[in-house]
Amino acid sequence: MDKKQLQKFIQWLQEKNYIVIGPTKEDGQILIKTISESSQLDFSGQLPLYSFKKYLVPSREILFKYKKDDFKADLTAFKQALIGVSIFDLKAILLYNQVFEKDPYYQARLNNTLIIGQSQIPQFQNLSFKVWEDKYEEDILEHLQFDIFLGQAKEKKSSEFKIFTGSKKGQQILNDFAKQSGWKSDFEHVEYAGPIKEEGANPEMMKIKEKMPGSLETDIWQNLDQRCIECGKCTIVCPTCFCFSLTDQPCLNKDEGMRKRCWDSCFYSEFSEITGGHKFLKNTAERIYNWYYHKFVRIPDEYNFPGCVGCGRCSMVCPAGIKIHEVLESIKTK
Amino acid sequence: MININPKPTRLGREKPTVAIISLTACNGCLMEIINLGQLLKGVVDRLQITEFPLVRSGKSPTKFDIAFIEGSVVTKENLKTLEQLRKQSKFLIAIGACACIGGIPEIKNYRDREKLIKQIYKSTKNIENPLIKPLKEYVKIDLEIPGCPPNKKEIAKIIASLLVGKIPCIPQRPVCYECQIREYNCLLQKGLPCLGSITLGGCQAVCLKSGEICSACRGFLSKPAAKNLIKIFKKQGLSDQDLNNLLEKFGVRDEFEKILKS
């Protein structure tokens, strides 16, 4: 598929009532926004600071409204096509799919979402184009959940995308598009083989996981305790931070109100507070340790893959200059 | 089946009586109530506002279920009003930065206020010139709605909660939470002395939206990591004088110093 056809495809999606959302460059920053045409898309491979998280797990949503005894849960979701989802963000979607497996709000949104991944081929594995042709699919794409994927060879950046599908929905959409637009239907299907590679769990992850428990007393956390300002910015940009809080909010109209769900952060003092005022996480060291423990021990224990996609966004936004790779290095070598 | 029928408010009758009063202030907080827009209809429908001198003259000496009070105690008269209102009210709410944390008038606490007063008034004979303190230093305050000005939506939410007999609380999240969710530029990372990370959020990061640093008009979080923020400021070369000026703007320098000592 070339750029012209991609433009046609985006137009066609819009005609099918999809809101098309993708990375676009604004004032030198890559932001993920609703776009109207393909020329706005930025496929330079530069990582957008904010991930696609908010389109699947919104920063705030109303779970239900009540009026006297009458509850109304709003499960309608608009049709959206997320285009240009990086490998990092696709890995985060794997986690949401597990965590929110039984969440009707997430599922409603996911059902109405078309996920179109995109990546420059050598970006993640330093494979040459030729090697990519044999290995790309099985090493990476097979272990991600998407509908369509646009593979972009660095050498051919300007012209061609190699198209993969990862779901029946993706195949259906492309077949329909081919039928209606005259595009010579040319794509390869990749069957999802689960989140974990055939060789088993990531050895790097296992190593960190082994070293983590019981390390609260070590210098690592005491050092971070003296640096972290608990702004929580890392948790907001982190594509895998999904923790939320629930609030019941009455309205000014008599007998009416709503329950809301919004993002929360384990760096905030009330996050671990329970009735009676007890806090499970009492200080900065405990909070930051908990953040790492969740990503590198608890999530691997539950799902067998890391709770960190390795995008480095947390390091980019940290005003205190805390770098996740340095922290992980000191955990491994402790 | 969970019964979610709101209980009749514990604060009194179905339509609570309300007073909205100013001490020495710019009236900006009360203007926010008047400017509630569509929400104002709901407020007026559900509350019996019996005393609101800013919009209606005449006093109706009575008891109040809820009283809102803005401003600072600058005169003996102010103190009398505050103490009387405390006696008259079941639930007393301090509204705005002046009432909650001292606010802009508190700047003079950090200066030679005898000298200042002479610069401002021709005759200082009858001018009282006390230290400025948050209202909770004078009487028991049941709830604080901070901000300069306070956030309209927050005011409406708090009133709605009180009406179902729920004591409202403002989540202990910093301004950074709202700033980052809205994808505004981080000014602290740009080297500016932004106080957002230690300041109680709920303002929707309006200052950051306009590219202004947070000056803590809503006061600090209950246990902020101020010691670590200072390290960043120092690294960025912020002088003690500039930091003090910033903290004095809304009168939080004393609180900040207390936190650093704790």
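How many cavities of 30 Å³ or more does a search of the whole structure find? The search finds six. Keep in mind that this is a predicted model. The tour visits two of these cavities.

**Stop 1: the largest cavity**

Start with the largest cavity, which holds about 170 Å³ of space. Select Cys234(A), Ile288(A), Cys314(A), Cys318(A) and Ile322(A). Of the 17 lining residues, these are the closest to the centre of the largest cavity.

Next, show three helices of chain A: H10 (233-237), H11 (284-303) and H12 (313-317). These are the elements that each give two or more residues to the lining of the largest cavity.

**Stop 2**

Move to the second largest cavity, with a volume of about 110 Å³. Its lining has 14 residues. Which of these lie nearest the centre? Select Lys233(A) from chain A, then Cys176(B), Cys179(B), Cys186(B) and Cys194(B) from chain B.

Then highlight helix H7 of chain B, residues 175-181. H7(B) supplies four residues, the largest share of the lining of the second largest cavity.

Finish by colouring this lining by class too. The second largest cavity has nine nonpolar, four polar and one charged residues in its lining.

Notes. Residues are numbered from 1 along each chain as its sequence is written. Chains are lettered from A and ligands numbered from 1 in the order in which they are written. This is a predicted model: local features need pLDDT of at least 70, side-chain atom pairs count only at pLDDT 80 or more; totals for chains, interfaces and linings use all residues. Side-chain values use heavy atoms; hydrogens and water are left out. On a 1 Å grid over the protein atoms alone, a cavity is a set of points where a 1.4 Å probe fits but cannot get out, and a pocket is an open set with protein on both sides within 12 Å along at least five of seven lines; lining residues have an atom within 4 Å of a point. Grid points are joined across faces, edges and corners, and a volume is the space filled by probe spheres set on the points. Ala, Val, Leu, Ile, Met, Phe, Trp, Tyr, Cys and Pro count as nonpolar, Asp, Glu, Lys and Arg as charged, and the others, Gly among them, as polar.
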